[in-house]
Amino acid sequence: MTRSLVTGATGYIGGRLVPELLDAGHDVRVLVRDEGKARAHAWADDVEIAVGDAGKPDDVAKAVADVDVVYYLLHSIGTGAGFADTEQETAALFAEASEKAGVTRIVYLGGMIPQDEELSEHLKSRAQVGDVLLESAVPATVLQAGVVIGSGSASFEMLRYLTERLPVMVTPRWVRSRIQPIAIRDVLRYLVGSASMPADVNRRFDIGGPDVLTYFDMMQRYAKVAGLPRRRVLPVPVLSPWLSSHWVGLITPVPASLARPLVESLRNTVVAQDHDIAQHVPDPPDGLIGYERSVQLALTKIQDLDVPTRWSSASTPGAPSEPLPSDPDWSGGSLYKDERTREVDASPEALWSVIEGIGGHNGWYSWNLAWTIRGLLDRMVGGPGLRRGRRDSRDLVVGDALDFWRVEATDDRSFLRLRAEMKLPGLAWLELQVGSTDGGTTTFHHRALFHPRGLLGHLYWWAILPFHGIVFGGMQRNIARAAEQADQSRERRR
């Protein structure tokens, strides 16, 4: 049995690779910083969970111990200046630890590297990470993919929202760049198959689907599959990557910080130079999945609410890792609180159902205009805004992105803690809790917490405090009312 370590297991690719490896008979260990996020996956009980930091030698050494294959799926895309150095240092750390542990292969997923073109910073860093792994003493398989088409991928979400929301659009010249997209199912098949390559294989492999298109072609074909009219695209030469990324950030759920490296990479030609991968991972009998079929599969997953991972499954780059607000040894200085409790004439189950359904299309149950403006302002400064929505319309698990929040804890259908990932001068949490009294009354406890960073953080709290009664008071009141109405409707149906 092959023993495999998957890094980035709570991210978009890693979260889907783990069950594929299990189905292929692998014994799987995952390295995660947050065990709770791993436990939220259906495969959690079938893997060994190693909790640690990929940047700490001791944690990495423990993670790769007694492992045959390391799947290196880490990246620092969107973290700002210096991300390339971080990526190379982390890759070198894993390569050295893998050699000492006797690992037989490292498998890395990067991006296609065009010949004789100036690379974007993102693609250049991916190429450098590949070099680090290939130069190590451990045989490496470096898979270089084009644009990945699958429900929930950042590239697909960007394509989807641009096409659906803008029947007429002004775009940069990169819409004419040649691209070889690949379906997520084929990416996963290549990743699994790479584990069994012979020991003398130590090289890069380009992986792409059967179609070579321009981004313009991809948008038009997406529109056709989705039943939309043909899109009108007007390329212009003056839209810089910086402007393009903010434009993409306003139109799509992908924040500007992540959109920029994706947009910059689109100026490069990403077409496979060979198909040598088929010598080791043969094509399936019915061939690789074509672009239009991959779009159909992705849209079906979205419509069926069956999207196991999304680009937002991974924490927003730079997300805080400070202590929780409930920690007794909290040492972060000031911690502002806004607490509210009310009795609700509804069952705990009805109240929890409403709480667990907040955000996304259901909204936040108070002053929708204020939430919309706050989300727009967040996107204008590079934050996620409200367009990330929800992974599932009914269910929340630890690690889920929820508009500009992240689910940090949820327990026994009675407690939900969200950590803010919007741009703030500090750290913020929102806690919603269902309780009961001795008399059997349902209680709804609502707590907003803010740990300011510097003078600006303190000024921010006092500036927004007057609006808490409208926003949080209204939110609590309207959630309670929705639960009461749901209970009354249920009683009438009986």
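Reader: Is Arg-391 buried, partly exposed or exposed?

Author: Arg-391 counts as partly exposed, at 21% relative accessibility. As for those words, buried means under 20% relative accessible area, exposed means over 50%, and partly exposed is in between (1.4 Å probe, protein chains only). A quick note before going on: this is a predicted model, where local features need pLDDT of at least 70 and side-chain atom pairs count only at pLDDT 80 or more, while totals for chains, interfaces and linings use all residues. Residues are numbered from 1 along each chain as its sequence is written, and side-chain values use heavy atoms, with hydrogens and water left out.

Now, Arg-391 has a partner: it forms a salt bridge with Asp-400, with the closest N and O atoms 2.9 Å apart. A salt bridge here is a side-chain nitrogen of Lys or Arg within 4 Å of a carboxyl oxygen of Asp or Glu, and by that rule the count is 21. Asp-400 is buried, with a relative accessible area of 6%.

Then there's Glu-408, which pairs up with Arg-417 in a salt bridge, their closest N and O atoms being 3.9 Å apart. Both Glu-408 and Arg-417 are buried. They also belong to one network, in which salt bridges that share partners join Glu-408, Arg-417, Arg-419, Glu-431 and Arg-447.

For another pair, look at Lys-100 and Glu-96, whose side chains meet in a salt bridge (3.3 Å, N to O). Lys-100 is exposed, at 68% relative accessible area, whereas Glu-96 counts as partly exposed at 44%.
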